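Work through the exercises below with the sequence and the 3D structure open. Try each task before reading its solution.

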Amino acid sequence: MEKWGAFPTCRKISCPEPALSNSVLKVNGECRGKLYQDACLVTCREGGQLIGEAKIKCEYTGVWSSLPQCTCPVPNSSSGLVLKNCNSKRPDEQCFVQCKNHLKLIGDGFFLCQKNTKWSIMPKCIPKICQPPNIPEYLEIKGNCSFKKIGEHCEVICKHGGKVIGISNGKNKLKCLENLNWSSPPDCTCANPNVFDPIQLKTKCDSIPKMGKCFLRCIRARYCRVITYMSE
């Protein structure tokens with residue numbers, strides 16, 4: 001007598017755990033042992049936005065439905081760096097930047113959303129620096145005047161012992177300006193002339209500007225005549 005052979009069996013279609021270890025995606029929760037029409041939630045590994053459905057479904061072929069893509073996350077700008085429309089950037093797209101006032105950009109004016117949805121290295125902003133000032137011969141710089149930022153000052157003194165005149169702030173200082181030039185240098189008075197007997201100063205001469213006159217007199221008139229001393 002003929003008999004039927006073994007009956008076939010039916011097995012539920014299942015999908016393997018999604019292989020996302022090298023992906024820009026990660027599974028949100030548990031995604032093992034999923035069967036046909038089951039779904040798993042995914043998110044962007046680096047914190048960007050999903051482009052597509054957040055759910056992936058186990059299909060009747062035993063594979064997962066198409067995976068969504070990710071943008072790069074909104075970048076955190078460094079101090080002084082201004083970002084220009086850098087939201088929702090996809091891989092190979094650029095984020096353009098500029099520096100705030102008084103700062104200078106080091107590097108390119110952009111950085112890149114990479115294929116792993118991480119940003120490339122950001123450019124940096126550093127303070128703009130005035131070069132050491134070129135000052136007239138009659139002045140000299142007091143202290144260090146290198147690497148001065150916009151708004152900072154250098155102190156100057158009169159080389160030959162006179163007084164500084166012509167600075168409105170009255171502090172003998174030059175200012176590093178926004179155009180990276182220095183404010184105008186001041187003038188100097190002449191120092192008191194060294195006079196010896198029988199000559200005497202007729203007036204105080206420690207505040208005489210350039211090309212001004214200092215009047216002298218003779219203590220004993222029969223030995224000298226009255227003269228005028230002119231500053232240079």
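**Exercise 1.** Decide whether Thr189 is buried, partly exposed or exposed.

*Solution.* Step 1: recall the classes, where buried means under 20% relative accessible area, exposed over 50%, and partly exposed in between (1.4 Å probe, protein chains only). Step 2: Thr189 has a relative accessibility of 5%, so Thr189 counts as buried. Step 3: place Thr189 in the chain; Thr189 lies in the loop between strand S19 (187–188) and strand S20 (199–201). Strands here are DSSP E runs of at least two residues, numbered from the N terminus.

The model is a predicted one, in which local features need pLDDT of at least 70 and side-chain atom pairs count only at pLDDT 80 or more, while totals for chains, interfaces and linings use all residues. Residues are numbered from 1 along each chain as its sequence is written, and side-chain values use heavy atoms, with hydrogens and water left out.

**Exercise 2.** List the residues that Thr189 is in contact with, leaving aside its neighbours within four places in sequence.

*Solution.* Step 1: contact means heavy atoms within 4.5 Å. Step 2: the residues that meet this are Gly162, Lys163, Ile165, Asp206, Ser207, Ile208 and Pro209. Step 3: look at Lys163, whose backbone nitrogen is reached by the side chain of Thr189 at 2.7 Å.

**Exercise 3.** Describe the surroundings of Glu178: is Glu178 buried or exposed, and which residue's side chain does its side chain make a polar contact with?

*Solution.* Step 1: Glu178 is found in the loop between strand S18 (173–175) and S19. Step 2: its relative accessible area is 60%, so Glu178 is exposed. Step 3: beyond its neighbours within four places in sequence, Glu178 is in contact with His102 and Ile150. Step 4: the side chains of Glu178 and His102 make a polar contact at 3.4 Å. A polar contact is a pair of N or O atoms within 3.5 Å; within protein, one must be able to donate a hydrogen and the other to accept it, and residues adjacent in sequence count only if both atoms are side-chain atoms.

Key:
Helix = DSSP H or I, 4+ residues; strand = E, 2+ residues; numbered from the N terminus.
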